[in-house]
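Here is a friendly walk through one model, taking each label back to the rule behind it. Have the viewer open as you read.

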Amino acid sequence: MARRFHKYGRRTRDGYRSGFESEVAHTLKELGVCFEYEKHKYDLVIPRSYTPDIVLANGTVVEVKGYFDSDDRRLMRVFKEQHPDVDIRMCFQNPHQKLSKTAKMTYAMWCDKHNIPWCRGPRLPRRWTLL
């Protein structure tokens, strides 16, 4: 399935990589939640680094996903293994989307299996944003 946008391509007018990331960020701003967007970078053993979408003021890392492909899932698994001290959470546009056409597992089920808290965006649960 072709992506609607290039993974590392152009940004939205307000500087975000996707419209959904922009929507989540604007919702956080409306709620007065302090956060940083793509300011942190983590080195990984695999030949790649990871830059989280949002890091809340309390240190919680929030990855915002509309489309959660196998590369992204692998990256999340590796990151969680190599940085177990970092509190990472997922915010999905549609958490009940299946991983593939033939899969029975959804994005939410995958997170549950890997002990990663998740929510349906664009609003984050208030308890995630508390210091």
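Q: Are Glu-63 and Lys-65 buried or exposed?
A: Both Glu-63 and Lys-65 are buried. Buried means under 20% relative accessible area, exposed means over 50%, and partly exposed lies in between, with a 1.4 Å probe and protein chains only. Before going on, please note that this is a predicted model, where local features need pLDDT of at least 70 and side-chain atom pairs count only at pLDDT 80 or more, while totals for chains, interfaces and linings use all residues. Residues are numbered from 1 along each chain as its sequence is written, and side-chain values use heavy atoms, with hydrogens and water left out.

Q: How do you know that Glu-63 is buried?
A: Its relative accessible area is 5%. The label applies under 20%, so Glu-63 counts as buried.

Q: What makes Lys-65 buried?
A: Lys-65 has 12% relative accessibility, so it counts as buried.

Q: Why is the pair Glu-63 and Lys-65 called a salt bridge?
A: A salt bridge is a side-chain nitrogen of Lys or Arg within 4 Å of a carboxyl oxygen of Asp or Glu. For Glu-63 and Lys-65 the closest N and O atoms are 3.5 Å apart, so the pair meets the rule. Side chains of opposite charge can pair when their charged atoms come close.

Q: Which residues are linked with Lys-65 in a network of salt bridges?
A: Glu-63 and Asp-72 are linked with Lys-65 in that network. Asp-72 forms a salt bridge with Lys-65, with the closest N and O atoms 3.3 Å apart. Asp-72 has 4% relative accessibility, so it counts as buried.

Q: How many salt bridges does the rule give?
A: The count comes to four salt bridges. One of them joins Glu-38 to Arg-17, with the closest N and O atoms 2.9 Å apart. Glu-38 lies in the loop between strand E1 (35–37) and strand E2 (42–43), and Arg-17 in the segment before helix H1 (19–30), so the pair ties together parts that are 21 residues apart in sequence. Helices (H or I, at least four residues) and strands (E, at least two) are DSSP runs, numbered from the N terminus.

Q: Why is Glu-38 called buried, and what makes Arg-17 partly exposed?
A: Glu-38 has a relative accessible area of 18%, so it is buried. Arg-17 has 25% relative accessibility, so it counts as partly exposed.

Q: What makes the 2.6 Å approach of the Glu-63 and Tyr-50 side chains a polar contact?
A: A polar contact is a pair of N or O atoms within 3.5 Å; within protein, one must be able to donate a hydrogen and the other to accept it, and residues adjacent in sequence count only if both atoms are side-chain atoms. The side chains of Glu-63 and Tyr-50 make such a contact at 2.6 Å.

Q: Which residues is Glu-63 in contact with, leaving aside its neighbours within four places in sequence?
A: Contact means heavy atoms within 4.5 Å. Among the partners of Glu-63 are Tyr-50, Met-76, Arg-89 and Cys-91.

Q: Why is E5 called mostly covered?
A: Five of its five residues are buried. Val-61, Glu-63 and Lys-65 lie on one side and Val-62 and Val-64 on the other. In a regular strand the side chains alternate between the two faces of the sheet.

Q: How do you know which strands E5 pairs with?
A: Two strands pair if DSSP finds at least two bridges between them. Two bridges join strand E4 (residues 54–56) to strand E5 (residues 61–65), and these run antiparallel. Five bridges join E5 to E6, which run parallel. In E6, Cys-91 is the bridge partner of Val-64.

Q: What is the order of the strands in the open sheet?
A: The five strands follow the order E1-E4-E5-E6-E7, with mixed pairing. E1 and strand E7 (118–120) stand at the edges, each with a single partner strand, so one side of each is left without a neighbour in the sheet.

Q: What makes Ser-100 partly exposed?
A: Ser-100 has 36% relative accessibility, so it counts as partly exposed. Ser-100 lies in the loop between strand E6 (88–92) and helix H3 (107–113).
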